[in-house]
Amino acid sequence: MRISVIGCGYLGAVHAVAMTELGHDVVGIDVDATRIASLSEGTAPFFEPELDPLLKSALQSGRLRFSTVAAAASDADVHFLAVGTPQKPDSHSADLTFVDAAFAAVAAVAKPGSLIAGKSTVPVGTAERLAKDLATLTSEVSLAWNPEFLREGFAVRDTLEPDRIVYGVETSAQGEKDVAKLDAVYHEAIKAGTPRLITNFATSELVKVSANAFLATKISFINAIGEIADITGADITELADAIGHDVRIGRRFLNAGVGFGGGCLPKDIRAFAARAEELGRASSLAFLNEVDAINLRQRQRVVDLAVELLGGSVNQRRVAILGVAFKPNSDDVRDSPALAVAVQLKGLGADVVATDPEGIDNARRQHPQLSYEPSVESALDGAELVILVTEWQEYREIDPVSIGSIVAGRIIIDGRNALDPSRWRESGWTYRGLGRP
Ligand code: UGA
């Protein structure tokens, strides 16, 4: 198939490369010329495991190219819209500016018989609106919604081997043709037995936001119970293990700690609740506001604990922050709990030094007022308090004995409950997790 991917960020760049890997002819399009130049040279403009070698081999195959002009999409059979839907600056709703612009640009160049397939996470009702717009322009190009479920850090694997594929299509003969086209795109995954669900537009849009809302709720659930564990002497990690054995509950996404961040879960639950309000059903999703509030409270919990452990004030005290990315194996700092904690401590007068294996450049652009160090050793040098906020494997493996001589005070907050408390305590550290005695 000839494919275009509009938007080459964390989602689109991976999608374009993965589609080439599957044997298609692909053009990736983005308005950001720097991003396109970097991709064209074989270097992803962000860190994602497995992506760079695959990008290079895709370019070498001659079946992948990148462009800044929408016209480059004109001979594609399927156009994927993979642009961002960030939170609006002045409300909780999703900003659809990029979706609308990408859609208009591609609709203007799409050849008769081609399909526009939305991948971006959008408020329910968007596909129907765009389909109506499209019908006023042409009857020869159709629309489907094909939500993406990839996780950053596993984006390449998740795209090549998804756990399910969802097509939201028109309930008409045209819809059947669109299904056949998408089946041709995803033939490898379908052949491998990946569940493939065909729904109407609204269902496909809701599948995506409901999945993220459920995951966010699961994390806030365990963090709320963690707050009770804190005051009762229970251990939230043992509790999660115990309830996780119930297959109806499951252990995954029950890791208590500083909570969820990133470019998806926080803004998606807010946009979902905002959409419910627009639809006159605010009460149906009011619980998501609580999920959000519980989540943001975890950041405050870490800050409060830092103040407590340093005897009532962090002013002019040196605090080392391990991790600035919103999760390990990513350089993405969008809505990162780690940075929120760092910024708040800085605001309270602390001498904050942060480190991260991949996220420092992005963090510095967002928060130039913080100090950054490239290595764990240099970040910990003279620290009176260490806070682990992003559980990179190399931070999990830190030896408490050897770093004990670098720091000025052996106090650690394990904001992800990722360390073994007894090992740290035996090495002379004051260890505090979240929801752990
Ligand atoms: C999330 C979803 O998991 C993907 O399925 C979805 O496609 C994606 O959003 C999206 O909408 O594009 P992602 O944001 O990459 O993926 O990251 P997650 O692995 O979901 O982690 C989100 C946050 O939750 C991270 O800050 C992580 O540290 C936190 N988390 C995760 C916890 O605090 N506890 C857990 O048990 C699990």
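Predicted model: local features only at pLDDT ≥ 70, side-chain atom pairs only at ≥ 80, totals over all residues.
Helix H9 (residues 201-232) and helix H12 (residues 286-309) have axes that come within 9 Å and cross at roughly 50°. Helices here are DSSP runs of H or I, at least four residues, numbered from the N terminus. Axes are lines fitted to C-alpha atoms over the stretch in contact, with angles from 0 to 180 degrees between N-to-C directions.

Residues are numbered from 1 along each chain as its sequence is written, and side-chain values use heavy atoms, with hydrogens and water left out.

H9 also crosses helix H11 (residues 265-278), with axes that come within 9 Å and an angle of roughly 115°. That makes H9 roughly perpendicular to H11. In H9, Leu206, Lys208, Val209, Ser210, Asn212, Ala213, Ala216 and Ile219 meet Leu265, Asp268, Ile269 and Phe272 of H11. Contact means heavy atoms within 4.5 Å.

Now the ligand. It has 21 residues around it, and Leu150, Glu152, Lys208, Asn212 and Phe326 come nearest. A residue counts as near if one of its heavy atoms lies within 4 Å. Lys208 and Asn212 also belong to the H9 side of the meeting with H11. Backbone N or O atoms reach ligand oxygen atoms too: Phe149 at 2.9 Å, Gly261 at 3.0 Å and Phe326 at 2.9 Å.

Notes:
Helix = DSSP H or I, 4+ residues; strand = E, 2+ residues; numbered from the N terminus. Polar contact = N/O pair within 3.5 Å; in protein donor to acceptor, adjacent residues only side chain to side chain. Parallel < 35°, antiparallel > 145°, perpendicular 65-115°, else oblique.
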